[in-house]
Amino acid sequence: MMNESYDIVIVGAGPAGSTAARFAAMSGCNVLLLEKDREIGVPVRCGEAVSEISLNKFFEIRQGWIANRIEGVRLIAPDGTVVPVNHPDGGYILNRKVFDQDLAQMAGAEGATIVTKAYVSDLIVADGRVCGVQVEHLGETYRVRAKIVIGADGVESRVGRWAGLQTHVGLRDMESCVQMTLSNIDIDRRYCDFYFSSTLAPGGYVWVFPKDERTANVGLGVSGEYNRQKPAIKYLNEFVKNKFPGATRLITVAGGVPCAPFMKEIVRDGFMLVGDAAHQANPMTGGGIMASVIASRIAGETAAKAVKLNDVSQKALREYPEKWHETGGIVHQRSYRLKEVVYKLTDADLNRTAMKIDKLKPDKRTIISIFKTALFNHPKLIPDIIKVFMS
């Protein structure tokens, strides 16, 4: 059951919301975490790939989280040239349902109250300050007061808009994504494959992330500018038909991913945004799991501090975006600058890059060397390349 008031109410129980709830509760705050779906972690709208080093940095990894360990990546050019990339750290394909539920469990273990099938239909605002939420739960309407509300409700956050923040993402920065979990396919489970081609996925890429020897998440993202010409699902259907004609389609999911600039403002009096709602996904790749976890930890700790000091003003809460900018925001800005140039590369540019990299010794085929080769006409971006991929 929900109480009439809490120190902090968080809308959305994905990795961002659960992490914010966990760290706010650890600091002694009375926290309510609301999830509109009936089950946390469902549906899974994610490629489920994370780097090993980043996951180890923040968690003691549980075996149930890991579907597969990845040894490296392969980049496939438009002409079919395959470029294996040296990546000594490796990575994981997660079981996101288990991962998300465990993050919520961690928040609950610290004292957070979690309610599913809880649809937030409005914010409570008084004297220009957000001070609670209106919730629809099992046929009843509740008005729950809070000193701080944190929006973790995904791309183009509704609660963010209600709080007066600009959460809209322009077409050119919104990736229309669709993914299928396929079985009965021939893949190498050691590698994540990325296909780049204006024919396969204009303004984006196709991914094949193996979950075992015969199963993979296969999806693509298409820039919103191109999605008007042909829906992302049609691009994916064509790819699957040609690449995996005998595949069994187990799951199909779709959604938008904000590959957008860092939001200039993500706090208001009594209000904060985290995760995709704050456009914290990597603009180059669209990956947002670990960026959300990093930012949400800062947000949860900042919110708890503000509650204890009895100052939940926008000025006090700005400590969160300032710290986030130091830890992830700067890399985000650099990644966006790279994205702006990379997405303008033609198929001929990509083929030429693949041909040059293919001639290098395996230990020289790194992400940095690939970007330096692809962007040799943009020497001013080299510092961004180094900072993004060495951070």
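Colleague: Is Asn184 buried, exposed or partly exposed?

Modeller: Quick caveat: this is a predicted model, where local features need pLDDT of at least 70, side-chain atom pairs count only at pLDDT 80 or more, and totals for chains, interfaces and linings use all residues. Residues are numbered from 1 along each chain as its sequence is written, and side-chain values use heavy atoms, leaving out hydrogens and water. Buried means under 20% relative accessible area, exposed over 50%, and partly exposed in between (1.4 Å probe, protein chains only). Asn184 has a relative accessible area of 43%, so call it partly exposed.

Colleague: What is the phi of Asn184?

Modeller: Most residues other than glycine have a negative phi. Asn184 sits in the loop between E12 (174-183) and E13 (191-195), both strands (DSSP runs of E, at least two residues; helices are H or I, at least four; numbered from the N terminus). Asn184 isn't a glycine, yet its phi is positive, at about 60°.

Colleague: And Asp127, buried or exposed?

Modeller: Asp127 is in the loop between strands E9 (118-126) and E10 (129-137), and its phi is positive too, about 55°. Its relative accessibility is 85%, so Asp127 counts as exposed.

Colleague: Are helices H7 and H9 roughly parallel or roughly antiparallel?

Modeller: Axes are lines fitted to C-alpha atoms over the stretch in contact (heavy atoms within 4.5 Å), and angles run from 0 to 180 degrees between N-to-C directions. Under 35 degrees is roughly parallel, over 145 roughly antiparallel, 65 to 115 roughly perpendicular, and the rest oblique. The axes of H7 and H9 come within 9 Å and cross at roughly 150°. So H7 and H9 are roughly antiparallel.
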